[in-house]
Amino acid sequence: MASTSSPKSRAHKTLTLAEKVAVIREVEKGVKKKSEIAKDFGIPPNTLSTFLKNKDKILSSAQEFDKDRKRLREPENPAVDNCVLKWFKQARDKKIPLSGPLIRAKAEQFAKELGKKNFKASTGWLDGFKDRNKITFKAVCGESGAVNQQEANQWKQDLEEMIQDRDPKNIFNVDETGLFFKCTPDKTLAFKDEKCHGGKLSKERVTLLVGANMDGSEKLPLLMIGKSASPRCFKNVKSKPVEYVNSSKAWMTSDLFSKWLIKLDKRFGKEKRKVVLFIDNCTAHNTIPLMENLKVVFSPKYDLCCPAHGPRDH
């Protein structure tokens, strides 16, 4: 009985945009037959014919999109994509850092204005938008630092002795941080071939004093330091979620810090608690008032190694 065997199916090969352009250029040279060119690129002759039929689209796409792309899928809502892309270019021309959530929110806004009720700026849409327009995530700037490990180890040993007999809920770590509330992010989505330079950054700021205890069960009320004694934004505001004080440069001062410590000491006295508070030894912290319930311990600049320093430094 004669055996029959089914012919082997040809493996499907998908060319990149760059390879499709190369196929078209070879045909345009007129040196080889189309069948020979198709064989050289490992594609059937009818696929080559399709490339030639869509020649203009392929060549324009190669200029606009990543040449390593293999498929030319059009966005489901090209009007939305075009609006977002135009806005993206305008923002990057002004050196404005852009993030994924911001782009998605903008796309939702454009879709609403265009009457696209079923449009959803999902993560899948964002990935496709970035891929179609050669957009990637870049850092605007960065910095690095080092820690003296020997000194850090000694500090850890000393620290263990200081806190070994204390309840973790009565061990606090506090520090100031500058909040540049008009400053843009230091990372952005940008075109792959774009040189990523930052624009002029806003220097408007307030200072926040933040603190929490070792076991994370208690956060100290935020202390905000601004420049103005009576900011306009506080007009007709009867209660604020933070304690607000002011100084000429919106920085912590020795006087403000001393008053804050005295107030905190009185609070812990009413609660009948003996508390140790870790803080760095900047000049604004040098004046420590006499207190009965609060002990201040200055920590070194490399205090990231400190196990009591959790929420504030991380």
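Modeller: With salt bridges. The term is used here for a side-chain nitrogen of Lys or Arg within 4 Å of a carboxyl oxygen of Asp or Glu. Keep in mind that this is a predicted model. Lys 259 and Asp 255 meet that rule, their closest N and O atoms being 3.3 Å apart.

Colleague: How many residues apart in helix α9 are Lys 259 and Asp 255?

Modeller: They are 4 residues apart in α9, which means that about one helical turn separates them. For accessibility, buried means under 20% relative accessible area and exposed means over 50%, with partly exposed in between. Lys 259, at 52%, is exposed, and Asp 255, at 45%, is partly exposed.

Colleague: How many salt bridges does the rule give in total?

Modeller: The count is 11. One of them joins Lys 263 to Glu 243, with 3.5 Å from N to O. Lys 263 belongs to helix α9 (residues 254-270) and Glu 243 to strand β6 (residues 243-246), so this pair ties together parts 20 residues apart in sequence. Glu 243 has a relative accessible area of 29% and is partly exposed.

Colleague: Which residues are linked in a network of salt bridges?

Modeller: The network consists of Glu 218, Arg 267, Glu 271 and Arg 273. Within it, Glu 271 pairs with Arg 273, and the closest N and O atoms are 2.8 Å apart.

Colleague: Are Glu 271 and Arg 273 buried or exposed?

Modeller: Glu 271 is partly exposed, at 36% relative accessibility. Arg 273 is buried, with a relative accessible area of 12%.

Colleague: Next, helix packing. What should I read from a pair of helices?

Modeller: Read the angle, the distance between the axes, and then the residues in contact. Angles of 65 to 115 degrees count as roughly perpendicular. Helix α1 (residues 17-29) packs on helix α3 (residues 45-53) at about 90°, and the axes are 10 Å apart. The two helices are therefore roughly perpendicular.

Colleague: Which residues of α1 and α3 make the contact?

Modeller: From α1 they are Lys 20, Val 23, Ile 24 and Val 27, and from α3 they are Leu 48, Phe 51 and Leu 52. By class, this contact has 6 nonpolar residues, no polar ones and 1 charged.

Colleague: At what angle do α6 and α7 pack?

Modeller: Helix α6 (residues 100-113) and helix α7 (residues 123-132) pack at about 100°, with 10 Å between their axes. That angle makes α6 roughly perpendicular to α7. On the α6 side the contact has Gly 100, Ile 103, Arg 104 and Ala 107, and on the α7 side Thr 123, Trp 125, Leu 126 and Phe 129. The classes here are 5 nonpolar, 2 polar and 1 charged.

Colleague: Now the backbone. Which residue has a positive phi of about 65° although it is not a glycine?

Modeller: That is Asn 236. Asn 236 sits in the loop between β5 (223-226) and β6, and at 73% relative accessibility it is exposed. Lys 272, also not a glycine, has a positive phi of about 55°. Lys 272 lies in the loop between α9 and β7 (275-280) and is exposed, at 78% relative accessibility.

Colleague: What about residues that are apart in sequence? How far apart in space are Asp 193 and Lys 134?

Modeller: Their C-alpha atoms are 8.2 Å apart, and the two residues are 59 apart in sequence. Asp 193 is in the loop between β3 (187-191) and β4 (206-213). With a relative accessible area of 69%, Asp 193 is exposed.

Colleague: Finally, the chain as a whole. How many helices and strands are there in the protein?

Modeller: There are 9 helices and 8 strands. Of the 314 residues, 37% are buried. The protein exposes about 20,800 Å², and carbon and sulfur atoms supply 50% of that.

Colleague: Which share of the contacts between residues at least 6 apart in sequence joins residues at least 24 apart?

Modeller: The share is 65%.

Definitions and conventions. Residues are numbered from 1 along each chain as its sequence is written. This is a predicted model: local features need pLDDT of at least 70, side-chain atom pairs count only at pLDDT 80 or more; totals for chains, interfaces and linings use all residues. Side-chain values use heavy atoms; hydrogens and water are left out. Buried means under 20% relative accessible area, exposed over 50%, partly exposed in between (1.4 Å probe, protein chains only). Contact means heavy atoms within 4.5 Å. Accessible areas come from the Shrake-Rupley method with a 1.4 Å probe; for residues, only the protein chains shown count as cover. Axes are lines fitted to C-alpha atoms, for helices over the stretch in contact, and angles run from 0 to 180 degrees between N-to-C directions. Angles under 35 degrees count as roughly parallel, over 145 as roughly antiparallel, 65 to 115 as roughly perpendicular and the rest as oblique. Ala, Val, Leu, Ile, Met, Phe, Trp, Tyr, Cys and Pro count as nonpolar, Asp, Glu, Lys and Arg as charged, and the others, Gly among them, as polar.
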